[in-house]
Amino acid sequence: LFHGTKPYYIETIIETGFDERVSRNGLFGKGIYFAEKSSKADEYSSPTNNICFMFLSRVLLGTSYVSLSPQQFVKPPCSFFCKSSSACSHVRFDSVLGEIKSNNESRAYLKKYREFVVYDRNMIYPEYLIYYRRK
């Protein structure tokens, strides 16, 4: 999966990997976001001297919770869908998949690109750094 990034973060990701503890809140909470399409990851790449960067990573998604709307997770939801605000002891999903409208009729929030979110850095291996120029 692809992950677009700013040049400032490249060296840290290469040396220590991704880290959910320093991630920002996105549509699906504080996780590490990936895309199956490089064009989606490109939206998060900031060019320096007209060169953009993204990682192509191996990501263990396991059993994904399919989300049709934004939800603020800090970790994947309970697989028994507990509504309790306190921590439950059930097994959790491994990741969150933000689904798109074309795959799930009109109920999905996302329109164009699916988003894959993991909340544990040990599930990611940044295998390749891709650099490119936009035309």
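Author: The largest nonpolar core has 14 residues, and those with the most contacts inside it are Phe 18, Ile 32, Phe 34, Val 59, Val 118 and Ile 124. A nonpolar core here is a set of buried Ala, Val, Leu, Ile, Met, Phe, Trp, Tyr and Cys residues joined through side-chain atoms within 4.5 Å. Buried means under 20% relative accessible area, exposed over 50%, and partly exposed in between, with a 1.4 Å probe and protein chains only. Two or more residues come to this core from each of H1, S2, strand S3 (52–59) and strand S6 (115–118), and S3 gives the most, with 3 residues. Helices (H or I, at least four residues) and strands (E, at least two) are DSSP runs, numbered from the N terminus.

The model is predicted: local features need pLDDT of at least 70, side-chain atom pairs count only at pLDDT 80 or more, and totals for chains, interfaces and linings use all residues. Residues are numbered from 1 along each chain as its sequence is written, and side-chain values use heavy atoms, with hydrogens and water left out.

Leaving aside neighbours within four places in sequence, Ile 32 is in contact (heavy atoms within 4.5 Å) with His 3, Phe 18, Asp 19, Glu 20, Phe 116, Val 117, Val 118, Arg 121 and Ile 124.

Apart from this core lies another, of 10 residues, including Tyr 33, Phe 93, Val 96 and Tyr 119.

The structure holds 5 aromatic pairs; rings of Phe, Tyr and Trp (its six-membered ring) pair if their centres lie within 6.5 Å, and planes under 30 degrees apart count as stacked, over 60 as edge-to-face and the rest as tilted. One of these pairs joins Phe 18 and Phe 34 edge-to-face, at 5.4 Å centre to centre and with 75 degrees between the planes. It links distant parts of the chain, 16 residues apart: Phe 18 is in the loop between helix H1 (7–16) and strand S2 (32–34), and Phe 34 is in strand S2. Phe 18 has a relative accessible area of 6% and is therefore buried; Phe 34, at 3%, is buried too. Tyr 65 and Phe 73 also form an edge-to-face pair, with 5.8 Å centre to centre and 85 degrees between the planes, and both of these residues are buried. Ring pairs link Phe 18, Phe 34 and Phe 55 into a cluster.

Ser 57 lies in strand S3 and counts as buried, at 6% relative accessibility. Not counting residues up to four places away in sequence, Ser 57 touches Leu 1, Phe 18, Phe 34, Ile 124, Tyr 125, Pro 126 and Glu 127.

An open sheet of 4 strands has the order S2-S6-S5-S4, with mixed pairing; two strands pair if DSSP finds at least two bridges between them. S2 and strand S4 (64–67) stand at the edges with a single partner strand each, so one side of each is left without a neighbour in the sheet. S4 and S5 pair in the parallel sense over 4 bridges, and Tyr 65 has Val 96 as its bridge partner in S5.

Glu 99 is found in the loop between strand S5 (95–98) and S6, and is buried, with a relative accessible area of 8%. The C-alpha atoms of Glu 99 and Phe 116 are separated by 8.9 Å, although the two residues are 17 residues apart along the chain.
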